[in-house]
Amino acid sequence: MPVLKDATAIVGIGQTPFAKQLPETERALACRAILSALDDAGIEPTEVDALASYTMEETDEVELAKALGLGGLTFFSKVGYGGGGSCATVSHLAAAIATGQATVGVAWRSRKRGSGPRPWKNTTVQLPTPAQWTRPFGLLRPADEIAMLARRHMHEYGTTRDHLFNVALACRNRANQNPAAIMYDRPLTREMYMNSRWISEPLCLFDNCLETDGALACVLVSAERARDCRRPPVYVHSAAQGLPAQHHGMVNYWNDDPLTGPAWTAARHLWKHADFAPEDVDVAQIYDAFTALIPLSLEGYGFCDRGEGGAFTEGGALEIGGRLPLNTSGGGLSEAYVHGFNLITEGVRQLRGTSTAQVPGASTCLVTAGEGVPTSALLLRS
């Protein structure tokens, strides 16, 4: 890991508008986001020699390279497990650049989740083995599976719906400051939250992420080259992936310790190779497909003890000026849900000092991928 520490930097970010329905294809959206990120960095498409994305990404490297006029690619990778792969796309590029396999890397995610089909509606494919024991009996969606973990946390540690509301409110408040957010002009109140319909009890409508069309991208280069790029560099200080022993992926209640998810495994590696600790993190972009993932992640990444993730949210802790300002663009709950890639780009904006909800003096940022599935995480610094 010393080979990776601060050896590379994110020097460009880009995104399309976000909406429930956009007319462009996923490939066209991907191209727009990548060109925007390259322009932000001041780098020509012909200089790109590495790509990284998700296994769920529909636009492949061949299509992108031709459409964008990229140079000869010497490295390309895709990471599995949906939102669990977001940060790993960056860490794969960082490793490739730090070890000389590439010089300019682009990571991206393009998705039409708002106007496209819901993945679990496809009944023609063979269910993976764990799902054969759950979906025929009613756990059809990720919301149903995470609801089980949320209920377990409530039962064991006294976590309440007010704690989950604190998460939803913090994300909505930040979205209300962000003109690019889908929920920019739609405030949230406790009454609205408590009276909203159940999606999968104990998770209500506002505990669930948005369904979004859109695309985002970022550009990585070596730390040496980053000093000459158009924007201030944001360094990849530490990176990790995590898959615990005997993990079952979202239906982890089969495990002997179901609330010790992938975040715990990723965190041990992440902090082991970092020069700072959880208490030194100025701002966090924590994967929020569901509000319940935030208490689990706060515990897993060491911001509080086991069982204290709910209580951590009290007293405005997640707001600007609180103990840990959270998801400052609105996150997946209130800006857009594109498998967590907007958390990476917002982390970069915070450390550049250009966020719409800027944390004063922010110089360190934790970004996490999906908890509940094999995951990944980044520590960024300015």
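Two strands are said to pair if DSSP finds at least two bridges between them. The strands themselves, like helices, are DSSP runs numbered from the N terminus, with at least two residues (E) for a strand and at least four (H or I) for a helix. The model is predicted, so local features need pLDDT of at least 70 and side-chain atom pairs count only at pLDDT 80 or more, while totals for chains, interfaces and linings use all residues. Residues are numbered from 1 along each chain as its sequence is written, and side-chain values use heavy atoms, with hydrogens and water left out.

Let us begin with strand 1, residues 8-15. Strand 1 pairs with strand 8, residues 234-242, in the antiparallel sense over two bridges. There, I10 has V234 of strand 8 as its bridge partner. Strand 1 also pairs with strand 7, residues 213-222, again antiparallel, over seven bridges. In that pairing, G12 stands opposite V219.

How many of the eight residues of strand 1 are buried? Seven of them are, which leaves strand 1 mostly covered. Buried means under 20% relative accessible area, exposed means over 50%, and partly exposed lies in between, with a 1.4 Å probe and protein chains only.

I turn now to the cysteines. A disulfide is a pair of cysteine sulfur atoms within 2.5 Å. By this rule, the model has zero disulfides. C87 is in none, and its nearest cysteine sulfur, that of C365, is 9.3 Å away. For C365, this separation is too far for a bond. C87 counts as buried because its relative accessibility is 0%. C365 likewise counts as buried, at 0%.
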